[in-house]
Amino acid sequence: MISVSNLSKHFGDQTLFEGATLQFNSGERYGIVGANGSGKSTLLKILSGTESASDGDIAIQRRARLGVLEQDHFQYEEQRILDVVMMGHAELWEAMVEKERILANAEEHFDGDRYAELEDLIIQRDGYTLESRAGEILEGLGIPSETHEQPLSTLSGGFKLRVLLAQVLASEPDVLILDEPTNHLDILSIRWLERFLEDFKGTALLVSHDHRFLDNVATTIVDVDYQTAKAYPGNYEAFTHAKREDRERREREIAKRESKIAEQRAFVERFRAKATKARQAQSKLKAIDRIDVEELPQSSRRYPHFRFKHRRPSGRQVLAIENVDKSYGDNRVLENVSLTVMRGERVAIIGPNGIGKSTLLKVAMGEVAADAGSIEWGYETHPGYIAQDHKEQLENERQTLESWLSNVCPSESIGFVRGHLGAVLFSGDEVEKKIAALSGGEAARLIFARQVVEQPNVLVLDEPTNHLDLEAIEALVKGLEAYAGSLIFVSHDRWFVGELATRVIEITPSGIRDFRGTYEEYLERCGDDHLDARAVLRKARDTKREERATRRQPRKPPINPKRERKRLEAELERITAELQTAETRLEALNAEFCHPEFFNRTPRAEITALEAEHRLLGESVQSKMQEWEAAESSLAELPEA
């Protein structure tokens with residue numbers, strides 16, 4: 001599908017990668033991994049054609065359609081959510097819009113030939129089911145059907161990005177290019193996306209920092225490191241073993257060659273002055289020149305250092321939340337929430353998306369006003385807050401990193417500021433970088449540097465691992481483990497929660513579940529793993545089953561298998577007959593639509609009516625097929641007579 005040969009990318013003196021030769025095949029899912037700034041996103045941009053390479057060749061199969069995840073939702077703010085998704089299939093969407101425009105102007109002028117072309121394209125591309133397909137994708141990504149008719153502006157930023165993800169998935173591309181697709185998705189939506197990708201027949205290229213997602217989805221890992229990009233077959237776990245073994249093998253080979261060179265040099269130094277050995281010494285020198293010692297480039301993977309301290313201890317009680325309510329219009333997010341946090345606790349707040357976790361943190365920090373209830377911070381508490389969208393907290397985008405952090409601590413020296421920037425991997429000329437040019441991971445590291453400088457005694461973190469690479473996440477856990485203050489955080493990252501939490505607060509539709517202990521202890525006691533996709537799916541299915549059971553009528557007498565078999569066989573005959581009738585009529589309509597003179601000789605009102613009939617018949621065929629499959633399945637489950 002895509003062939004890459006000797007690909008290189010340089011920014012001035014910086015080399016991201018060079019000499020990269022890769023093959024991306026249909027039916028394969030490629031996880032692109034590497035440190036922040038190593039060139040993962042740049043590689044995707046080069047492959048999608050939005051950025052040029054410094055050198056090398058890219059060959060993409062002719063007429064292959066690329067689906068690229070956008071990040072700019074502002075261009076669609078006033079568009080209907082369903083329309084935004086359908087726009088992903090650009091050719092089909094434009095044909096549908098143009099067809100409606102021709103019909104709207106038919107009284108003045110009706111272009112029958114063009115209308116017929118458009119209708120033929122829409123039928124070929126199954127355009128009359130595009131809206132239903134878009135709706136299914138939206139629901140899979142956690143956007144309920146009752147919102148689909150609303151403009152995109154009614155959704156929050158995270159849900160807007162889900163709509164953009166739905167847009168690219170609905171475009172039916174041959175190549176999917178997704179940069180951090182799991183950001184802003186809850187566990188159920190991530191699992192739905194995993195299943196979608198498992199069924200995807202084309203080529204999928206995915207940048208992600210999510211261990212579990214890559215393990216579940218990737219068939220090949222492309223590692224952007226050591227100034228090149230190399231493919232490793234298998235998922236992320238297999239890659240980590242293979243890469244370590246590959247590096248160790250190369251280091252052993254280099255050490256072996258260097259040892260041989262040292263041995264030869266020692267011989268030369270010892271015997272070069274002796275006439276009897278002079279010729280042999282010269283031979284050894286020539287042999288040394290022929291030994292090629294590879295110089296391994298340095299890894300781009302770097303670990304920041306987060307040295308969190310607090311200026312002074314807080315009082316024993318850190319935060320008291322009493323009877324807090326919060327609604328957005330008719331949507332009640334928090335109801336009668338009460339909790340108390342004590343000094344030194346590390347509190348993980350968990351639960352599904354939309355349940356109110358981020359809202360609770362915002363209410364606590366005064367970012368959002370509660371409708372009712374009270375928030376009281378304890379004696380000598382100095383909270384430091386990191387929002388889910390890190391760039392919300394970076395005020396002047398035209399400032400440099402150095403000037404931005406200097407404003408946080410105006411009495412400190414430039415050396416102090418640069419030292420703290422260096423600890424989070426900004427050194428040399430990087431401190432002159434503009435805020436606007438920061439990647440998501442770089443923005444996160446800068447905001448954490450601010451918390452290190454300000455020394456709060458309570459850290460309030462909303463999805464702090466968003467955009468961080470694996471090395472930064474490990475470093476963040478290490479820093480927070482050593483932090484003597486109190487910690488309140490929201491996260492969907494099971495490993496992160498498991499490493500840090502000493503108390504787990506689960507927000508549920510029926511209230512708060514407060515467990516004092518680690519996440520593993522919480523699982524042993526409560527059994528609900530909200531950070532494990534399969535566990536959440538099992539619980540969701542069980543809940544739906546229970547809801548259906550409560551709505552059932554009183555139990556009916558046991559069915560008679562023989563009688564039920566006859567009923568199902570009759571049902572299958574009826575559905576088959578109805579399907580044949582509908583499909584025969586559909587074929588007749590298609591034949592009419594394809595007739596060269598149809599659109600010229602047929603009145604506009606009749607065309608509209610026939611199109612509506614065609615659409616309804618298509619939906620009816622789909623519905624009848626589902627009925628047939630259900631009846632066939634029920635029949636297969638009956639015991640043999």
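1. The accessible surface of the chain comes to about 33,500 Å², with areas from the Shrake-Rupley method, a 1.4 Å probe and, for residues, only the protein chains shown as cover. Carbon and sulfur atoms hold 47% of that surface. Of the 641 residues in the chain, 46% are buried. Buried means under 20% relative accessible area, exposed means over 50%, and partly exposed lies in between (1.4 Å probe, protein chains only).

2. Basis and confidence. This is a predicted model, in which local features need pLDDT of at least 70, side-chain atom pairs count only at pLDDT 80 or more, and totals for chains, interfaces and linings use all residues. Residues are numbered from 1 along each chain as its sequence is written, and side-chain values use heavy atoms, with hydrogens and water left out. The mean pLDDT of the chain is 85; pLDDT is the predictor's confidence in each residue, from 0 to 100. A value of 70 or more is reached by 89% of the residues. Confidence in the chain is lowest in helix α18 (residues 533-551), at a mean of 58. It is highest in strand β16 (residues 486-490), at 97.

3. Overall content. The chain has 21 helices and 18 strands. Both are DSSP runs numbered from the N terminus: helices are H or I with at least four residues, strands E with at least two. Among contacts with a separation of 6 or more, 68% join residues 24 or more positions apart. Contact means heavy atoms within 4.5 Å.

4. The β2-β1-β4 sheet. Three strands form an open antiparallel sheet in the order β2-β1-β4; two strands pair if DSSP finds at least two bridges between them. The edge strands, each pairing on one side only, are β2 (14-24) and β4 (55-60). Neighbouring strands are turned by 20° against each other on average, direction ignored. Axes here are lines fitted to C-alpha atoms, for helices over the stretch in contact, and angles run from 0 to 180 degrees between N-to-C directions. Strand β1 (residues 2-11) pairs with β2 over seven bridges. I2 stands opposite F24 in β2, and the bridge partner of H10 is T15. Helix α1 (residues 40-48) lies across β1, β2 and β4, at about 125° to β1.

5. The β11-β10-β13 sheet. Another open antiparallel sheet has three strands in the order β11-β10-β13. Its edges are β11 (331-342) and β13 (372-377), each pairing on one side only. Strand β10 (residues 317-328) and β13 are antiparallel over five bridges. A320 stands opposite E376 in β13. Helix α11 (residues 357-364) lies across β10, β11 and β13 and runs at about 120° to β10.

6. Cores. The largest nonpolar core has 54 residues. Such a core is a set of buried Ala, Val, Leu, Ile, Met, Phe, Trp, Tyr and Cys residues joined through side-chain atoms within 4.5 Å. Helix α6 (residues 157-170) gives the most to this core, with seven residues. L138, V163, L165, L169, L176 and L197 have the most contacts inside the core. Beyond four places in sequence, V163 contacts I81, V84, V85, L138, I143, L152 and L155. Apart from this core lies another, of 46 residues, including L405, V417, L461 and V477.

7. Helix α12. Which residues of helix α12 (residues 401-408) are buried? They are L401, E402, W404, L405 and S406. These buried residues pack against α13 (414-423) and α14 (440-454).

8. Most residues other than glycine have a negative phi. E180 has a positive phi of about 55°. It sits in the loop between β6 (175-179) and α7 (187-199) and is buried, at 14% relative accessible area. H467 has a positive phi of about 75°. H467 lies in the loop between β15 (458-462) and α15 (470-482). At 28% relative accessibility, H467 is partly exposed.

9. F515. This residue lies in strand β18 (residues 511-515). F515 counts as buried because its relative accessible area is 10%. Leaving aside neighbours within four places in sequence, F515 contacts R503, V504, E521, Y522, R525 and C526. T502 is 13 residues from F515 in sequence and 9.0 Å away in space, C-alpha to C-alpha.
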